[in-house]
Amino acid sequence: MRANKPRIFVTQPVSEHALKRLRAVASVKMFADASRIIPRRTLIEAVRKADILFCLLHDKIDRAVIEANPNLRLIAAQSITPSNIDVAAATARRIPVTVTAPLTTEATADLNFGLMLAVARRMIEGDRMARAGKFPGGQSAHLMGAYVWGKTIGLIGGGGLIGKAVARRAHGFSMRVLYWTPRRKPEHEEREAGLTYVPLDRLLREADFVSIHSPLNKETRHQIGDRELRLMKKTAYIINTARGPIIDEAALVRALTKKQIAGAGLDVFEHEPKIDKALTKMPNVVLTPHLGSATPEVREAMANIVVDNILALLGGHKLPNCVNPQVFAL
C-alpha cells in the first residue's frame, strides 16, 4: 500500500515554481490571501493538520503554534533569520528550524534608496497632488524638497551586506558615506566599500540621512530613541529598512511632531503589522509595508531555498540552512 504523502502547509502564496516542486512530493495546502497575514487561529488549526510548516518572515511562530502539533517535523521559514520563531520551543520538541541564505541585499538597498529619495523630494505628496488634479507649476515653491546629491549619509550598523550596497548607491550620488558599527571593519574593507568610520554620536550630528542597518537583538532594540534623535540635524531624515524595533517609534513620533528632524522613510515598524496612526498622518513620512525583498527574482530564489530545505528533510539528508542542528543529536 502506497504511503501517504507528507502534508505541507504554506502560510501565504509563494513562487509557483517552488509550489510545483513541493506538490510533486507532498500534499500542499496554503492560505491563499496574499493581501493579509494569516489569522492566528487559522494558522494554529492548519499546523495541527500539517507535517511541515512553510512560513514567512511576518508569521509569528511562537510556543502556542509549535505546541499545536506534537508531530510537526519541520518549520521551514522564508526568512534570513528566525526572528519571529521561538527556536528554543522548537528545539525542545526536536523540531528543526530552517531559514534562507542572505539574498535580499540588493533589493533592500534599492528600496532603502527609494525611500530616501521619495521622502527627501516629497514624491508621495506630489503624486497625491497630481492625482487630485492640482498642479502648482513647474517652478512652484509649494513642494520644495531636500537635495540628495552630494549630501552625507550615515549608516548605523552599516558594515554588513545591505549597508555596503546602500553605500554603493550613495557613491553614485556623490554622497559622503559615514558608518558606525560596534565592531569596526578592517581598514581595507572600509577602503574598498568607501566607508568612513565615525563614532555614533558624530554620525548622528553630521548625517543628512541616517540609515538603519543593525540586526535586531537585545542590544539594538530602541537603539535610536529620544537622545539619538535629538542629536540629528533638524534638516535630516531617518530611513529604516532593517527591523522596526531598532527605532523607538514613540520617540520618533515625538521628534517628527516637534520638527526635531525633517522626515522619515520607513519600511519596517516596531509593532508590525500595526503602524502608529500618527505616522500615517504625517506628510513628511513615507511608509511601505515591509517590501525590502519584494521582487520576483528574490522571492523566487528564497522560496526555492525553503523547498531545498524541505526536500532535504524528506530525503533524509543534512538540512542546508538549519539554525538548530542540535535537534538531530537530542
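**Exercise 1.** Identify the residues that line the largest cavity, and classify them.

Solution. The lining of the largest cavity consists of Asn240, Gly244, Ile247, Glu249, Leu252, Leu266, Val268, Phe269 and Leu279. Here a cavity is a set of points on a 1 Å grid over the protein atoms alone where a 1.4 Å probe fits but cannot get out, and lining residues have an atom within 4 Å of a point. By class, six are nonpolar, two polar and one charged, where Ala, Val, Leu, Ile, Met, Phe, Trp, Tyr, Cys and Pro count as nonpolar, Asp, Glu, Lys and Arg as charged, and the others, Gly among them, as polar. The volume of this cavity is about 40 Å³, taken as the space filled by probe spheres set on the points, which are joined across faces, edges and corners.

The model is predicted: local features need pLDDT of at least 70, side-chain atom pairs count only at pLDDT 80 or more, and totals for chains, interfaces and linings use all residues. Residues are numbered from 1 along each chain as its sequence is written, and side-chain values use heavy atoms, with hydrogens and water left out.

**Exercise 2.** State the volume and lining classes of the second largest cavity.

Solution. This cavity holds about 30 Å³ of space. Its lining includes Cys55, Asp59 and Ile85; six nonpolar, four polar and one charged residues make up the lining.

**Exercise 3.** What are the spans of the C-alpha trace along its principal axes?

Solution. The spans are about 75 × 50 × 30 Å.

Technical notes. 1 Å grid on protein atoms, 1.4 Å probe; cavity = no way out; pocket = protein on both sides within 12 Å on 5 of 7 lines; lining within 4 Å.
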